[in-house]
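Me: Hi! Could you walk me through this one? I'd like to start with how the chains meet.

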2 protein chains.
Amino acid sequence: MISKFFNPKSIALIGATSDPKKFGNAVTMNLLKNDNLDCEIFLVSHGSKVIRDIPTYKSILDIPKEIDIAFILVPAKYVEGVVEECIQKAVKGIIIITAGFGEIDQKGKALEKKIELKCKSAGIRVMGPNCVGIINADINLNASFIQMPPRGHISMISQSGSFGCASFYKMENQNLGISKFVNLGNKMDVSFDDILPFLMEDENTEIIAIYMEELLEGRKFLEIIKEVNKKKPIVILKGGKTKKGREAASSHTGSIATNYKLLKTAIKQSGVLLCENISEFIIALKSFSFIPIPKGSKLGILTNSGGTSVLFSDNAEKLGLDFATFSEELKNRISPYLYSLVKLINPLDMIAGARETQYYAITKSFLEDDDIDIVVGCCVIPPFLGMKSIEHYRGMIRAWDESHRKKPLIPLMLFSEGFDELINFTDENKTPIFYTPYEAAYAAKVLIQRYRYLNLL
Amino acid sequence: MISKFFNPKSIALIGATSDPKKFGNAVTMNLLKNDNLDCEIFLVSHGSKVIRDIPTYKSILDIPKEIDIAFILVPAKYVEGVVEECIQKAVKGIIIITAGFGEIDQKGKALEKKIELKCKSAGIRVMGPNCVGIINADINLNASFIQMPPRGHISMISQSGSFGCASFYKMENQNLGISKFVNLGNKMDVSFDDILPFLMEDENTEIIAIYMEELLEGRKFLEIIKEVNKKKPIVILKGGKTKKGREAASSHTGSIATNYKLLKTAIKQSGVLLCENISEFIIALKSFSFIPIPKGSKLGILTNSGGTSVLFSDNAEKLGLDFATFSEELKNRISPYLYSLVKLINPLDMIAGARETQYYAITKSFLEDDDIDIVVGCCVIPPFLGMKSIEHYRGMIRAWDESHRKKPLIPLMLFSEGFDELINFTDENKTPIFYTPYEAAYAAKVLIQRYRYLNLL
């Protein structure tokens with residue numbers, strides 16, 4: 001059944017409107033944007049007789065066809081009545097976008113419960129209320145009032161709609177892409193547990209991202225993520241970890257307290273990745289999107305900036321990462337490319353004069369070395385000696401491409417966000433890039449954790 | 001004397017060259033870029049008779065005028081001889097840019113010591129070796145081989161040159177600016193202790209940033225930063241905090257171990273800000289650059305995104321921040337501007353429909369409220385209802401400007417780095433912007449720490 005939410009053949013939008021100042025309009029317009037959608041759309045409206053040349057119905061009961069999914073956008077006080085009509089119409093699923101229920105007060109909670117029970121006894125699954133809707137980027141379906149994300153292979157379940165919206169902005173920036181997105185809101189019925197098994201089997205989903213504020217059936221959730229994570233990496237961010245955070249969450253999605261410490265321990269034991277903040281969350285998605293899982297845990301580090309490799313090393317040690325020891329064979333192989341001042345130790349500081357040739361040759365040597373499992377290429381773009389802003393990075397990527405990207409390469413281009421030529425290159429070549437020592441070290445940690453986890457299965 | 005390094009009236013560049021593949025050329029070109037520099041420049045070169053129409057000298061001894069500062073760029077093996085000539089010439093200060101000394105091996109250390117003693121007995125101060133040079137942006141002096149940073153009021157002492165270079169890239173991005181910059185390198189003679197008293201008195205320096213890998217005379221350093229920090233905030237980042245980091249540092253600037261735990265405790269006790277990573281370092285500089293010091297520690301938070309205020313609250317609690325309780329007076333004042341669904345609690349979730357009007361009115365009310373010391377404006381830019389990407393932020397800034405920016409405003413525009421119109425607005429109006437909940441919470445922490453420190457003086 002969950003599949004129908006993402007792949008409906010017919011949709012009724014109840015509360016559609018031509019008034020651009022209403023959320024109902026935003027959902028309607030997003031949905032109608034894609035002319036080629038393989039899904040019939042019916043609009044139910046009280047105010048507008050015609051919207052974008054489409055005649056509307058007064059009630060879902062007037063629609064002469066079967067409806068897979070009904071989207072409810074009418075004000076909270078009308079929702080119960082509309083749900084009753086949806087039940088009468090025997091829709092397969094309902095998504096209540098309207099807010100103003102359990103997140104507001106006890107009265108709202110009671111109304112939510114009443115609707116929940118009605119749908120349950122009718123055997124109809126419900127998403128929401130208090131959500132932005134659902135997106136299936138594979139088929140260009142945007143049944144939400146937020147923007148269409150870039151297309152890709154991450155599927156996200158978020159309890160917060162605006163979290164999804166902001167994440168899409170960042171993903172756009174970082175060349176990450178979405179397959180499915182769903183905002184659970186108050187989770188009246190459909191919850192994480194229902195969506196996860198669907199995503200596990202979903203062909204286009206390669207990585208699963210979860211933002212949660214509240215977890216009610218912890219045991220069941222833990223069992224499911226344990227299973228799903230074997231097949232596809234799950235990345236979780238929890239909001240409401242602290243007392244202050246939980247208080248904020250309770251007014252947001254009506255969440256009740258979850259013991260974060262217990263949850264943290266349980267998730268970590270299950271082998272699923274739990275991020276501590278939103279930056280880690282994005283870095284983890286980036287790592288899984290662009291970099292293969294290593295076959296060991298030893299890092300080989302090259303740099304043109306001592307400061308950067310010092311700061312990277314500090315972060316690496318804090319995160320428990322291991323550095324490879326260079327073999328005599330490797331030293332002999334790399335020394336012809338390096339200035340005589342350069343010490344043949346890991347991290348390898350090739351000093352500021354290092355150029356594309358060195359970055360290419362050393363990256364290649366590291367990638368081909370059996371003692372090195374992950375290559376970390378640190379760089380501060382030199383503003384001197386006529387060097388190109390892109391050359392060091394390009395050298396690394398050339399070596400990586402020649403090795404068919406089989407071993408992880410983590411390029412740390414310190415604070416290089418402003419170099420358009422470089423950023424365009426990463427766009428075009430779908431290559432990873434990290435901007436701070438912490439980001440690069442965290443990427444390595446995430447990949448190594450996945451390697452160790454898969455190794456134990 | 002230190003002032004002479006930043007404000008020389010005559011400079012000799014020893015090792016100047018027209019060969020664009022050499023560092024000597026990079027320094028020469030940077031120095032000659034500013035035609036209006038109020039300083040005479042003399043070039044000493046073996047290879048090039050004329051550089052950019054300027055005739056060169058074979059030796060510093062041939063220059064017919066007094067020299068304030070000699071920059072040495074010749075290969076390491078010639079440095080001792082050149083230093084002897086500088087002593088003979090009675091220059092006031094020497095900056096040795098050349099690398100290949102104590103950071104390489106014992107032989108290099110010995111040579112460094114020898115040169116140090118010669119200069120000491122001649123009473124000449126030396127910076128470096130193994131550094132990129134010195135910058136005084138106030139007078140457009142770039143005597144280094146890295147780029148000129150944007151002009152501003154931060155002065156930076158860095159042990160790593162590439163750290164400075166990368167920081168400048170980030171500063172350019174974040175509207176931060178530099179007054180003085182110096183790269184200490186191996187710190188043969190001139191060290192943090194010498195520069196700090198100068199910066200304390202320097203008119204254009206309002207904030208002092210330090211990147212250090214090694215600290216030899218800890219007690220003296222701590223005494224000095226304690227004094228300086230009373231007048232101007234000092235922001236420190238330490239590289240080589242861990243065993244791995246120290247190993248990397250030892251090959252970088254020849255540093256020896258510093259006990260980070262002890263140093264951390266001592267610095268914290270002195271009231272100086274010690275950042276844990278390079279992102280915190282930039283956020284701290286941004287906070288001091290754009291936001292006034294608060295007169296208390298209570299935060300008032302507004303948001304259009306529940307998820308963002310939940311994540312902000314988590315970070316705030318971790319950093320020990322306090323939230324204000326809304327008075328009845330404040331509630332009465334703000335309620336007319338808000339949807340009826342909105343709960344009048346802190347954080348104030350104005351929900352997704354909030355627009356410029358709400359952001360302006362609520363920010364204004366918070367800024368004028370005596371129970372709120374710092375206003376945190378959270379926002380996810382809404383992609384719906386025809387809202388402008390800039391309007392929420394603009395509303396907050398308008399209220400802030402009307403209050404003459406007297407109270408701290410911390411705008412958290414989640415993941416909005418890609419909105420050009422917004423970024424241009426911050427450029428033009430010199431306003432602060434933060435992109436993640438952690439950044440915003442850390443900014444508040446930094447400002448509150450400074451408030452408490454100044455309050456105890």
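Predicted model: local features only at pLDDT ≥ 70, side-chain atom pairs only at ≥ 80, totals over all residues.

Me: What area is buried between chain B and chain A?
Reply: About 5,600 Å², and carbon and sulfur atoms give 68% of that. On the chain B side, B:Tyr169, B:Lys244 and B:Phe415 lose the most area to chain A, together 13% of what that side buries.

Me: How many salt bridges are there between chain B and chain A?
Reply: Four. A salt bridge here is a side-chain nitrogen of Lys or Arg within 4 Å of a carboxyl oxygen of Asp or Glu. One joins A:Glu276 to B:Lys318, with the closest N and O atoms 3.1 Å apart.

Me: And how many over all chains?
Reply: The whole structure has 58. One of them pairs A:Arg452 with A:Asp322, at 3.9 Å between the closest N and O atoms. A:Arg452 lies in helix 16 (residues 437-456) of chain A and A:Asp322 in strand 16 (residues 322-323) of chain A, so the pair ties together parts that are 130 residues apart in sequence. Helices (H or I, at least four residues) and strands (E, at least two) are DSSP runs, numbered from the N terminus.

Me: New topic: which residues of helix 15 of chain B are buried?
Reply: In helix 15 (residues 420-429) of chain B they are B:Leu422, B:Ile423, B:Phe425 and B:Thr426. Buried means under 20% relative accessible area, exposed over 50%, and partly exposed in between (1.4 Å probe, protein chains only).

Me: Why are they on the same side of helix 15?
Reply: Because they cover an arc of only 155° around the axis, taking the directions from the helix axis to the C-beta atoms.

Me: Which exposed residues are on the face turned away?
Reply: B:Asp420 and B:Glu428 sit on the face of helix 15 of chain B turned away from its buried side.

Me: What covers the buried residues?
Reply: Helix 14 (391-402) and strand 19 (409-413) of chain B are among the parts that cover the buried residues of helix 15 of chain B, with contact meaning heavy atoms within 4.5 Å.

Key. Residues numbered from 1 in each chain as written. Chains lettered and ligands numbered in written order. Heavy atoms only, no water. Buried area = accessible area lost by both parts, 1.4 Å probe.
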